[in-house]
Amino acid sequence: MGDLSSKTGWWAWSTKKKVLIFGTVALVIVALGVGLGVGLGIGLRNSGDDDSDNDNDGTGSGAPNTTTPTNTTVKWQPAVGTKWQIILKSGDGAAISTSVDAPIYDIDLFDNNKTVISDLQKMGRKVICYFSAGSFEDWRNDAGDFHDTDKGEDLDGWPGEKWLNVTSPNVRKIMQARLDIAVEKGCDGVDPDNIDGYDNENGLNLTKSQAINYVNWLASQSHSRGLSVGLKNGGDIIDSVIDNMQWCVNEQCAEYKECDTYASFIQADKPVFHIEYPKGESTNDNKSVTTSQVKSACTANSSGNFSTVIKNMGLDNWVEYCS
């Protein structure tokens, strides 16, 4: 070995000093690596948190708030302009009438058994099964499954009904069970009503964004069971849910001069099943309406190609058509 006393700089440093320097450099490198990794991890986690917040939309449900179609292989997509009939109350407990020659029947999920549905289908008809997704009804078989905290204010004009908290996990569990009943009975699609609590005095501080989340969640749950689904009224949220809907059921857009709001379904090649009640709330009989009432119901602005029915408010067997 050479004479260390004659060397300068690095070579003149002691081994202990060199080890100390190497150790310090190594620690700095490790610290930088750890810091970079933690920073990336936080960034990714924050990004994931943002997505989660957007998905949950403050509901805590975990259901997606998205307009992306929930199922690209929907079982049944009815055509624009298809004739239909809706019967939710047959009157005096009698069986619903199937005499109207309409390719689509919208009937109550609970009040009709599997045989009624299969008989309609044997006639070449599709069956949409109605249930209330946004209101508590005290006469339903599953009424006892709802918690007091699920319920809000009474629905004005509808005794025995209260608005539901659509963000409640318990409410959503009950709706999943109802969709399972629809599958068991053989329904082709579902008509979930009263999703527009946000637009009423509901006592639950429901919001439009919660309704969007809920309707898209209902679509996802329906599609995963092979059921088609439509939007019931809810004109304010059409743009945020239309991709996941196969149709819209609208009530009284001619009366309230808002059919243009629902025409976007026609533009998307999806039907609008349109109902008008020219007799008003108190009259439910089998008498025909006047020619002028038919004209008002059937020729509203932007209602071209709507599938319009003229009904009693009780939605019994009676029906008239535009032509």
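In which helix do Tyr 214 and Trp 217 both lie, and how many residues apart are they? Both belong to helix α4 (residues 208-224), where they are 3 residues apart, about one turn of the helix. An α-helix has 3.6 residues a turn, so residues three or four places apart point the same way. The model is a predicted one, and all values below are computed from it.

**Aromatic pairs**

A pair of aromatic rings is described by the distance of the centres and the angle of the planes. The count of such pairs in this model comes to 5. Among them is the pair of Trp 84 and Phe 273, whose planes stand at 35° with the centres 5.1 Å apart, so it is classed as tilted. This pair links distant parts of the chain: Trp 84 lies in strand β1 (residues 84-87) and Phe 273 in strand β10 (residues 272-276), 189 residues apart. Trp 84 has a relative accessible area of 0% and is therefore buried. Phe 273 is likewise buried, with a relative accessible area of 0%.

The rings of Tyr 214 and Trp 217 have their planes at 10° and their centres 6.0 Å apart, so this pair is stacked. Both Tyr 214 and Trp 217 are buried.

Trp 84 and Phe 273 also belong to one aromatic cluster, together with Trp 76 and Trp 247.

**Charges over rings**

Arg 172 lies over the face of Trp 217, at 5.0 Å from the ring centre. The charged end of Lys 279 sits over the ring of Trp 318, at 3.5 Å from its centre.

**Packing of α3 and α4**

Helix α3 (residues 169-185) and helix α4 have axes that come within 10 Å and cross at roughly 35°. The crossing of α3 and α4 is right-handed. On the α3 side, Val 171, Arg 172, Met 175, Gln 176 and Leu 179 take part; they meet Asn 213, Tyr 214, Trp 217, Leu 218, Gln 221 and Ser 222 of α4. By class, this contact of α3 with α4 has 6 nonpolar, 4 polar and 1 charged residues. The stacked pair of Tyr 214 and Trp 217 thus contributes both of its residues to the contact with α3, and Arg 172, which lies over the face of Trp 217, is one of the α3 residues in that contact.

In α6, the residues Cys 259, Tyr 262, Ala 263, Ser 264, Phe 265 and Ile 266 are buried. The buried residues of α6 pack against β8 (228-232), α5 (238-241), β9 and β10.

Most residues other than glycine have a negative phi, and most peptide bonds are trans.

| Residue | Phi | Location |
|---|---|---|
| Leu 315 | about 50° | loop between β11 (307-311) and β12 (319-321) |
| Asp 269 | near 65° | follows α6 |

Are Lys 257 and Leu 315 buried or exposed? Lys 257 has 72% relative accessibility and so counts as exposed. Leu 315, at 8% relative accessibility, counts as buried.

How values were computed:
Residues numbered from 1 in each chain as written. Predicted model: local features only at pLDDT ≥ 70, side-chain atom pairs only at ≥ 80, totals over all residues. Heavy atoms only, no water. Phe/Tyr/Trp six-rings, centres within 6.5 Å; stacked < 30°, edge-to-face > 60°. Helix = DSSP H or I, 4+ residues; strand = E, 2+ residues; numbered from the N terminus. Buried < 20%, exposed > 50% of the residue type's maximum accessible area, 1.4 Å probe, protein only. Lys NZ or Arg CZ within 6 Å of the ring centre and 35° of its normal. Axes fitted to C-alpha atoms, helices over the stretch in contact; angles between N-to-C directions. Left-handed = near helix turned anticlockwise from the far one by under 90°. Contact = heavy atoms within 4.5 Å. Nonpolar A, V, L, I, M, F, W, Y, C, P; charged D, E, K, R; others polar.
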